[in-house]
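Q: Could you walk me through the salt bridges and the chain contacts here?

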Amino acid sequence: MTSDQTQQLIRAVEQADSPESLSQAVWALAAARQKAAIPTFIRVLGYNNPGAAVAAVEGLVKLGEAAVPSLLEQIDGYDYGARAWSIRALSQIGDPRALDILTGAAESDFALSVRRTAAKGLGSISWSQLPAEEVSAAQAKALETLLQVCQDSEWIVRYAAVVGLQALAATQLDYKQRVQVHFQQLDKSEPDLTVRARAQMASVQLQQMPVLN
Amino acid sequence: MGESHSEQEPLTVEQVIANLQQREDLGLRYYAAWWLGKFRVNESAAIDALLAALEDEADRSPDGGYPLRRNAARALGKLDAPRAVPALIGCLDNSDYYVREAAAQSLEELGDTSCTPVLMKLLDGGVAAAQPVPGKPHLVQPYEAVLEALGTLQASEAVPQIQPFLDHPTEKVQYAAARAMYQLSENPVYGERLVQALQEDRLPLRRSALMDLGAIGYLPAAEAIAKTPAENSLKLISLKGLLEHHLESNLLSEKSIEIMNLMDSLL
C-alpha cells in the first residue's frame with residue numbers, strides 16, 4: 001500500500017458523516033495495517049462510537065508494539081470511554097511497557113469496564129519482551145495486583161481477575177500452585193455464582209495444562 | 001449496571017431512615033428511598049419507612065406524579081420484603097404511571113403470585129387499548145413491566161391475554177410478551193423472536209433484547225449475544241443470565257464452558 005492510499009483511508013475516517021460510515025472507514029483503515037494510521041485510531045477511541053472504537057482497537061492491536069508508545073502517551077485521563085478502549089488495546093497487545101498503567105487501572109480505576117479489561121490484560125503480557133532479569137519482579141507485581149483485584153466490588157472485575165490469574169499461573173510452577181490454592185478459597189468465599197464457575201473452570205484447565213517455562 | 005464509584009458511603013442506615021421520615025427536605029427523602037433500595041437495607045425500620053412513603057402526598061411532580069412513591073416502590077422490590085406485597089398491589093391503580101410501573105417491577109422481584117389477578121387487570125382491553133398517552137413518552141399502562149412480571153411469576157392463566165401483545169406496535173412490548181411467553185411455555189419460538197431482535201438497527205432495541213435473553217436464560221442465543229453490536233458490559237450481563245440459568249443443574253458442562261469462553265472474549 002502506498003502512503004497516498006493510506007492517506008486516502010485516513011481522510012475517509014475524518015470525513016465520515018454517520019456512525020455507520022465511520023465504522024466502515026475505520027475497519028478499512030484497520031485492514032491496511034499502516035503505522036501512519038495510529039493517531040487516527042487513537043482519536044477515534046474518543047468519539048463515543050462503540051462500533052468505530054472496536055475497529056480502531058482492532059487496528060491498533062494489529063500494529064502491536066508499534067502502537068504502544070502513542071497509546072501510553074495519549075491515554076485520556078478524563079474520558080473513561082476512550083481510556084477503556086486504550087487500555088483494551090494495550091491489554092490485547094500485551095506489551096510489558098503497559099504493565100504500570102494496567103496495574104493502576106485494574107486496582108483503582110473509577111470505571112468497572114476499565115478495571116475488568118486491565119485485569120484480563122495483566123494475565124496475558126508478553127513477558128519474553130522484558131529483559132530476563134526484570135521478568136520475575138514484573139510477574140510478581142501482576143500476581144499481587146490480580147490477587148487483590150479478586151476482592152473488587154463488581155462481579156465482572158473479579159471474573160476478569162480470575163481469567164488473568166489463570167493465564168499468569170501458567171507461566172511458573174509456584175504461581176500455578178499458589179493460584180490453585182487461591183481458586184479453592186474462592187470456591188468457598190466468592191458470593192457470585194458466575195465467578196465461582198469461572199474459577200472452577202480455571203482450576204480444571206490449569207490442572208490439565210503443563211507449565212510453559 | 002454501568003460504572004460505579006469505589007468510594008466509601010459516609011451515610012449510616014439510621015441517618016438515611018431518619019432522612020426518609022423527616023418532612024422538610026423533599027430531595028433528601030427522595031434520595032433516602034433510593035439509597036435504602038440500592039444498599040438493600042433489609043431492616044424492619046427501613047421497610048416501615050418505605051411503606052409509609054408509599055402513602056406520601058407531599059412530594060408531587062408538576063404533572064401530578066408522586067416521585068417519592070416511585071422510589072419507595074422501587075426500593076421495596078429490592079428488600080426481600082414479602083409484607084410490602086399488599087401495599088405494592090395497591091400501587092397498581094395509582095394515578096401515576098411510574099408508580100404503577102415501579103410497583104409491577106417490584107412485585108416481579110418479590111415473586112409473590114398473589115398479585116397476578118391485579119396485574120392481569122392492567123392488560124384489560126388488550127392491544128387495542130394499549131395506546132400511547134398523548135403528550136407522554138409512555139403507553140396507558142406499563143405493559144412491559146406487567147408482561148415481564150406475569151412471565152416471571154409463572155402466571156400461565158394469563159397466556160391468552162399476553163399472547164396478543166406479541167403483535168403490539170411497540171417493539172419493546174413485543175419483546176416483553178415474547179419473554180413472558182417463553183417463561184410460560186419454554187417454546188423456543190419465543191426465544192428466537194428475541195434473538196431476531198438482536199439484529200434490529202436501533203441500539204436501544206438490541207439492548208432490550210440482550211436483557212430479555214439474559215432474564216430467560218435462552219441458551220441457543222449465546223453466540224448471537226456475543227456478536228450483536230452493543231456494549232460488552234450488557235452482553236456480559238446477558239451471558240451471565242444464560243450461564244446461571246444453566247448452572248442450576250450443571251456447574252462445568254460443555255455448554256457452560258462455551259458461554260464462559262464467550263464472556264472471556266468480551267472482557
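A: One place to begin is Glu190(A), which at 5% relative accessibility counts as buried (buried means under 20% relative accessible area, exposed over 50% and partly exposed in between, with a 1.4 Å probe and protein chains only). This is a predicted model, in which local features need pLDDT of at least 70 and side-chain atom pairs count only at pLDDT 80 or more, while totals for chains, interfaces and linings use all residues. Residues are numbered from 1 along each chain as its sequence is written, chains are lettered from A and ligands numbered from 1 in the order in which they are written, and side-chain values use heavy atoms, with hydrogens and water left out.

Q: Which residue forms a salt bridge with Glu190(A)?
A: Arg158(A) does, with the closest N and O atoms 2.8 Å apart; a salt bridge here is a side-chain nitrogen of Lys or Arg within 4 Å of a carboxyl oxygen of Asp or Glu. Arg158(A) also counts as buried, at 9% relative accessibility.

Q: And what about Lys141(A) and Asp100(A), how far apart are N and O there?
A: Their side chains meet in a salt bridge at 2.6 Å, N to O. Lys141(A) lies in helix H9 (residues 132–149) of chain A and Asp100(A) in helix H7 (residues 99–108) of chain A, so the pair ties together parts that are 41 residues apart in sequence (helices are DSSP runs of H or I with at least four residues, strands are runs of E with at least two, numbered from the N terminus).

Q: Buried or exposed, those two?
A: Lys141(A) is partly exposed, with a relative accessible area of 33%, whereas Asp100(A) is exposed, at 55%.

Q: Switching to the interface, how many residues of chain A are in contact with chain B?
A: On the chain A side there are 25 residues, in contact with 22 residues of chain B, where contact means heavy atoms within 4.5 Å. The two chains bury about 2,200 Å² between them, 61% of it on carbon and sulfur atoms; buried area is the accessible area (1.4 Å probe) that two parts lose on being put together, summed over both.

Q: How many salt bridges cross it?
A: The rule finds two across the interface of chain A and chain B. Arg198(A) forms a salt bridge with Asp264(B), the closest N and O atoms being 2.7 Å apart.

Q: What average pLDDT does chain A have?
A: Chain A averages 92, and 97% of the residues score at least 70, pLDDT being the predictor's confidence in each residue, from 0 to 100.
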